[in-house]
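This report describes one protein chain, going from a single residue to the whole. Please look over the sequence and the structure before reading on.

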Amino acid sequence: TTLNFQPVGGDTPSYAALMTYANMMSSWHEPRKILLMLTDGEPNGNNRERDMCSTLVKEMEAIGIEVIGIGIGIDVRCSKNLCSRTSISSEKHYSAA
C-alpha cells in the first residue's frame, strides 16, 4: 500500500465534504442528526468557499442536521461562522466554545 502524502498547505475541500453529507443525511429519519466536522485547515478558495460552506451549514441546520466544527490547530470560529457550534484545539490546549 502506498500512502498519498499531502504536504502542509494542501487541499481542504470542506464544501464538497459538507455537500456529500448534507445529501446523505437529509434522507435519514433519525430523530436527531449530528455532523461532526473535524478539520486542520481553512476551506479551499478563500472567502468564496467559506461563504458557500457557511450558507450550506445554515441550510443543513434548517432541515434538522446539527453541524459541529472542530478545528485542529485552527480556530473554526474565525471561518465566518462555518459551524454554529465549535471547539478549538491546539497541540496541548483544548477548549470548547
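Does glycine 41 count as buried or exposed? At 12% relative accessibility, glycine 41 counts as buried. Here buried means under 20% relative accessible area, exposed means over 50%, and partly exposed is in between, with a 1.4 Å probe and protein chains only. Glycine 41 sits in the loop between E1 and H2. Its C-alpha is 9.0 Å from that of serine 14, although the two residues are 27 apart in sequence.

The model is predicted: local features need pLDDT of at least 70, side-chain atom pairs count only at pLDDT 80 or more, and totals for chains, interfaces and linings use all residues. Residues are numbered from 1 along each chain as its sequence is written, and side-chain values use heavy atoms, with hydrogens and water left out.

**The chain as a whole**

The protein chain has 2 helices and 4 strands. Helices (H or I, at least four residues) and strands (E, at least two) are DSSP runs, numbered from the N terminus. From the N terminus on, their order is α-β-α-β-β-β. Of the 97 residues of the chain, 32% count as buried. The accessible surface comes to about 6600 Å², and carbon and sulfur atoms account for 55% of this surface. Such areas come from the Shrake-Rupley method with a 1.4 Å probe; for residues, only the protein chains shown count as cover. Contact means heavy atoms within 4.5 Å. Among contacts between residues at least 6 apart in sequence, 59% join residues at least 24 apart.

**Confidence**

The predictor's confidence in each residue is its pLDDT, from 0 to 100. The mean pLDDT of the protein chain is 76, and 64% of its residues reach 70 or more. Among the elements, H1 has the highest mean pLDDT (93), and strand E4 (residues 94-96) has the lowest (44). Over residues 86-97 the pLDDT is below 50, and this stretch has 25 contacts in the model beyond near neighbours in sequence.

The 12 residues of H1 should span 16 Å at 1.5 Å a residue, and the end C-alpha atoms of H1 are 16 Å apart, which agrees. The expected span of a helix is 1.5 Å times one less than its number of residues. In H1, the buried residues are Ser14, Leu18, Ala22 and Met25. Seen down the axis of H1, these fall within an arc of 80°, so they line one face of the helix. The arc is that of the directions from the helix axis to the C-beta atoms. The cover over the buried residues of H1 includes E1, H2 and E2.

H2 has 16 residues and reaches 23 Å from its first C-alpha to its last, close to the 22 Å expected. Its buried residues are Glu49, Arg50, Cys53, Ser54, Leu56, Val57 and Met60. They cover an arc of only 170° around the axis, which puts them on the same side of H2. The face turned away from this buried side carries the exposed residues Arg48, Lys58 and Ala62. Among what covers the buried residues of H2 are H1, E1 and E2. After H2 comes glycine 64, whose phi is positive, near 95°.

**The core**

Which residues make up the largest nonpolar core? It has 11 residues: Leu18, Ala22, Met25, Leu35, Met37, Cys53, Leu56, Val57, Met60, Ile65 and Val67. At least two residues of this core come from each of helix H1 (14-25), strand E1 (33-39), helix H2 (47-62) and strand E2 (65-72). H2 gives the most, with 4 residues. A nonpolar core is a set of buried Ala, Val, Leu, Ile, Met, Phe, Trp, Tyr and Cys residues joined through side-chain atoms within 4.5 Å.

Methionine 25 lies in helix H1 and is buried, with a relative accessible area of 3%. Leaving aside its neighbours within four places in sequence, methionine 25 is in contact with Lys33, Ile34, Leu35 and Ile65. Cysteine 53 lies in helix H2 and counts as buried, at 0% relative accessibility.

The table lists C-alpha separations for two pairs of residues.

| Pair | Apart in sequence | C-alpha to C-alpha |
|---|---|---|
| Methionine 25 and isoleucine 65 | 40 residues | 7.5 Å |
| Cysteine 53 and alanine 17 | 36 residues | 9.7 Å |
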